[in-house]
Amino acid sequence: IHALHLPLMMLMEGAHAGLVILLVGSATLTALALFDPKKIRSQKRLWAPILMLVMPLFFLLFTSPWFQRLPEEYILDYGTSLHVAEEVLAEHGPFGSGPDTFTMDYLRFRPESVLETRMWQVQFDRGSDVFTTLLSTWGLLPVVLLVIFLIGVLLRLGDTLIRRNDHEDWQTIAVLGSTWIAALSTRFVYPPDTVLELLFWLLTGLLLARLLPKGKRVSLHEHSRPTLILAISFVGTGILFVVSLALMLQVFHGEYLIGKAATAQQDGDTARVVMITRGATQVNRWRSDYARAEAVARLQHGRLLASQVGQGVMPDQVLDEMNGAVQAARRATKLEPLDADVAQLLGTIYQSMTQVVQGASTMAIEGYRTSVELDPVHPHRRIALARALLNAADQIALMTDAPEARQELLGLYLSEALTATERAIELQPSYAQAYYVRQHVPERH
């Protein structure tokens, strides 16, 4: 009953019938892989889940009045993903840019042809398939080792099914192997997904448990060197397991706090959002996205406090909150120096402090310049830089000392702002904000 609850709820909520049948068929085949085929009285019953695994192919490829259309899903094309991977490998070498860094790689190395599509503002966090994504993040050498491992599993599977068809678990291996091959094929046509990754490696472990030898008995003499090494290995494995469990609990705790912060954000309680995000960054100090979330929360709370100055809020409270936002953003920059969003956030924070902190406009410009360097084909970042330059130009125009130096610096800022807006228009001719900002540049002369 519990196994049928999720599929029935999906059907009642309007999910695609093919997906429901695929879910039931895959779950049934995976469950069968855990049982001894000799315990199944009628082997003919295995055709039912196999048929349920094949039927969705027709429902997914061909529409009919009885089944709904699947919602559209946009992923990167193979050429763009491969282009990003090639640029990353050329810069970072055979080990890539690091785990979970595809978004930054995409922003830095995406071609300008992306701007001709409807998805030019989307920041893709994965490539067109698993292997092009791993080429950018893991690098060439780990991907080659992964491919060798998968080929080894595939060869071992083929040897068991073709040459060793008298194997006692042959039927179970055949069912589990066909499901594993289907999961493997998705890695070539679909980007990495947490659920698919978990399913694939679970199937890989179950398959290897059937393919590899069942076990080997080894006798060890007391006080011998192998016994000592084995004991140390057991202790080390236990310590590694405890540390891994603690780290996993930290990750879950941080995600739970970020979820609470999102709820508080919807309620408009900015002070609570700041408190929760600070807790998340303390739990996971190595997560740049948590530090960025704290910086955004502090910026929003600081702006709220600034609007309440004179109504029980002191200017020092606003300044303390904005300084906290700067510190959180700088922490995120230190953790991920190639994150264009963090650089732009830092510029936005300083831009909000230009009226109360001397030199904040210069720091804002530097932050926006860094974001443009890290994401050179996004017109929005260039317009943000142009706005910061125009704001600084307005402040320079009010100065009375050193007229020659002031005029020279004013000309440099206006020239850079004009270049930024023209480049934004060149990248995206339909970007209305670029035309709006460009028409204000001559007014500053």
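Predicted model: local features only at pLDDT ≥ 70, side-chain atom pairs only at ≥ 80, totals over all residues.
**Figure 1. The start of the chain and the confidence of the model.** Across the protein, pLDDT averages 82, and 80% of the residues score at least 70.

**Figure 2. The fold as a whole.** Welcome to a helical protein: there are 18 helices and zero strands. The protein has 445 residues, of which 37% count as buried. If we take contacts between residues at least 6 apart in sequence, 66% of them join residues at least 24 apart.

**Figure 3. Helix 12 against helix 13.** Helix 12 spans residues 288–306, and its axis comes within 8 Å of the axis of helix 13, with a crossing of roughly 160°. That angle is over 145 degrees, so helix 12 is roughly antiparallel to helix 13. The crossing of helix 12 past helix 13 is left-handed. From helix 12, the contact draws on S288, A291, R292, E294, A295, R298, L299, H301, G302, L305 and A306. Their partners in helix 13 are Q317, V318, D320, E321, M322, G324, A325, A328, A329, R331, A332 and L335. Sorted by class, this contact of helix 12 with helix 13 holds 12 nonpolar, five polar and six charged residues.

**Figure 4. Helix 13 against helix 14.** Here helix 13 (residues 315–335) packs with helix 14 (residues 340–351) at an angle of about 165°, and the two axes are 9 Å apart. The pair is therefore roughly antiparallel. Helix 13 passes helix 14 in a left-handed crossing. On the helix 13 side, the contact is made by M322, A325, V326, A329, R330, A332 and T333; on the helix 14 side, V342, L346, I349 and Y350 take part. The residues of this contact divide into nine nonpolar, one polar and one charged.

**Figure 5. T270 in helix 11.** T270 is found in helix 11, which runs over residues 270–283. With a relative accessible area of 13%, T270 is buried. Leaving aside neighbours within four places in sequence, T270 is in contact with H301 and L304.

**Figure 6. T132 in helix 6.** T132 lies in helix 6, residues 130–137. Its relative accessibility is 3%, so T132 counts as buried. Beyond its neighbours within four places in sequence, T132 is in contact with Y78, S81, A85 and G127.

**Figure 7. D100, a loop residue with a positive phi.** D100 sits in the loop between helix 4 (78–92) and helix 5 (102–109). Although D100 is not a glycine, its phi is positive, at about 60°. D100 is exposed, with a relative accessible area of 73%.

**Figure 8. W120 and its contacts from elsewhere in the sequence.** W120 lies in the loop between helix 5 and helix 6. This tryptophan is buried, at 11% relative accessible area. Setting aside neighbours within four places in sequence, W120 is in contact with R110, V114, L115, H378, P379, Q428 and Y431. Look in particular at W120 and H378: they are 258 residues apart in sequence, yet their C-alpha atoms are 8.2 Å apart in space.

**Figure 9. R387 in helix 16.** R387 belongs to helix 16, residues 379–397. At 39% relative accessibility, R387 counts as partly exposed. Apart from neighbours within four places in sequence, R387 is in contact with Q351, Q433, Y436 and V437. From R387 to I365, the C-alpha to C-alpha distance is 9.2 Å, while 22 residues separate the two in sequence.

**Figure 10. L410 in helix 17.** L410 has its place in helix 17, which covers residues 403–427. The relative accessible area of L410 is 6%, so this leucine is buried. L410 and A397 are 13 residues apart in sequence, and their C-alpha atoms are 7.4 Å apart in space.

Technical notes. Residues numbered from 1 in each chain as written. Heavy atoms only, no water. Axes fitted to C-alpha atoms, helices over the stretch in contact; angles between N-to-C directions. Helix = DSSP H or I, 4+ residues; strand = E, 2+ residues; numbered from the N terminus. Parallel < 35°, antiparallel > 145°, perpendicular 65-115°, else oblique. Left-handed = near helix turned anticlockwise from the far one by under 90°. Contact = heavy atoms within 4.5 Å. Nonpolar A, V, L, I, M, F, W, Y, C, P; charged D, E, K, R; others polar. Buried < 20%, exposed > 50% of the residue type's maximum accessible area, 1.4 Å probe, protein only. pLDDT = per-residue confidence, 0-100.
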